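Q: Hi! Could you walk me through this fold? I'll ask as we go.

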Amino acid sequence: MLKAVKSNFQVGIDNQFKLSEAATIADKSELDKKTLKKELGDLRQELAELQHQLFAEDKRSLLIVFQAMDAAGKDSTIRSVFNRVNPAGCQVSSFKQPSSLELDHDFMWRSNIRAPERGKIGIFNRSYYEEGLVVRVHPDYLKYQRLNDLPETLDEKNLQGFWQNRFESFNDYEKHLARNGTLVLKFWLNVSKEEQKNRFLSRLNEPEKNWKFSSGDIKERALWNDYMHAYEELINHTSKEHAPWYAIPADNKLYMRVQVARTIVENLRAMNPQFPKVEKKEGEKFEEMKRLLESE
């Protein structure tokens, strides 16, 4: 079964993660812009090369999950980190409000059908974990799933067992992926409430960013503490050796992107994908084809 290598900001599997102790910004000594840009460029290039080898090998895959509060930088991080990766070997899936078709299936279905093929990197911009975050903060959403085991009153006390079952489903699914050659890396981009406010104001003040903002963003921001509770419990229950969480400081976007890229590259190095070797008989045919071409 595939397992992740130890990396910076990796959450342990001992159920001891304290969200209040997780950093949102690095020390100033680590924020030199020139140094970070140089490292990010080097990591992008290595990521592209490793992805090429993974694609050629065509035996294993990598699933990268991004979860965060609004304005933490999920979209821009995906765009930045993967800007040199061949699109043929990479697929991005974004998960928003489920459709009527998706609601007619179990809650993992829409994620499962978007899992990466062998040889590819799959990126989930939000994911099945929304079922333990947004839905937990808004339990009335469960009514649309037409489940037959819901308690009559959808409060936190009555739903404790329900959420435990969902945590088990997340873990079982990721263990299944790991057993079948897919390594799962999960990034929680940890933006502070103050920085989120600044980014929301930027979206409101700059016309070219207005499209990024909706009134619903403010309603969700008012539930910040509820979301932090949901994140802490979810991360503690679902950070495993084969599918760890990484709590990445997100107040400085460049620093955040470097940490994400570094973690992905370190794990791909450990996977050590190889170009397929040509069998002897096939190699002999190649030599013959080479002679024919050179004799034209």
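Q: In strand 3, what is the bridge partner of Leu62?
A: Leu62 has Ile121 as its bridge partner in strand 3. Helices (H or I, at least four residues) and strands (E, at least two) are DSSP runs, numbered from the N terminus. This is a predicted model, where local features need pLDDT of at least 70, side-chain atom pairs count only at pLDDT 80 or more, and totals for chains, interfaces and linings use all residues. Residues are numbered from 1 along each chain as its sequence is written, and side-chain values use heavy atoms, with hydrogens and water left out.

Q: Over how many bridges do strand 1 and strand 3 pair?
A: Five bridges, in the parallel sense. Two strands count as paired if DSSP finds at least two bridges between them.

Q: And how many bridges join strand 1 to strand 4?
A: Eight, with strand 1 (residues 61–68) and strand 4 (residues 182–190) running parallel. Gln67 sits opposite Trp188 of strand 4.

Q: What holds paired strands together in general?
A: Strands of a sheet pair through backbone hydrogen bonds, either parallel or antiparallel.

Q: Back to this one: in what order do the strands of the sheet come?
A: The order is 2-3-1-4-5, in an open sheet of five strands with parallel pairing. Strand 2 (90–94) and strand 5 (245–249) are at the edges with a single partner strand each, so one side of each has no neighbour in the sheet. From one strand to the next, the twist averages 20°.

Q: Which strands does helix 10 touch?
A: Helix 10 (residues 253–271) packs on the sheet and touches strand 1, strand 3 (121–125), strand 4 and strand 5. Contact means heavy atoms within 4.5 Å. The direction of helix 10 makes about 165° with that of strand 4. Axes are lines fitted to C-alpha atoms, for helices over the stretch in contact, and angles run from 0 to 180 degrees between N-to-C directions.

Q: Is strand 1 buried or exposed?
A: Eight of its eight residues are buried, so strand 1 is largely enclosed by the rest of the structure. Buried means under 20% relative accessible area, exposed over 50%, and partly exposed in between (1.4 Å probe, protein chains only). Ser61, Leu63, Val65 and Gln67 are buried on one side, and Leu62, Ile64, Phe66 and Ala68 on the other.

Q: Zooming out, how many helices and strands are in the protein chain?
A: Eleven helices and five strands. Of the 296 residues in the protein chain, 48% are buried.
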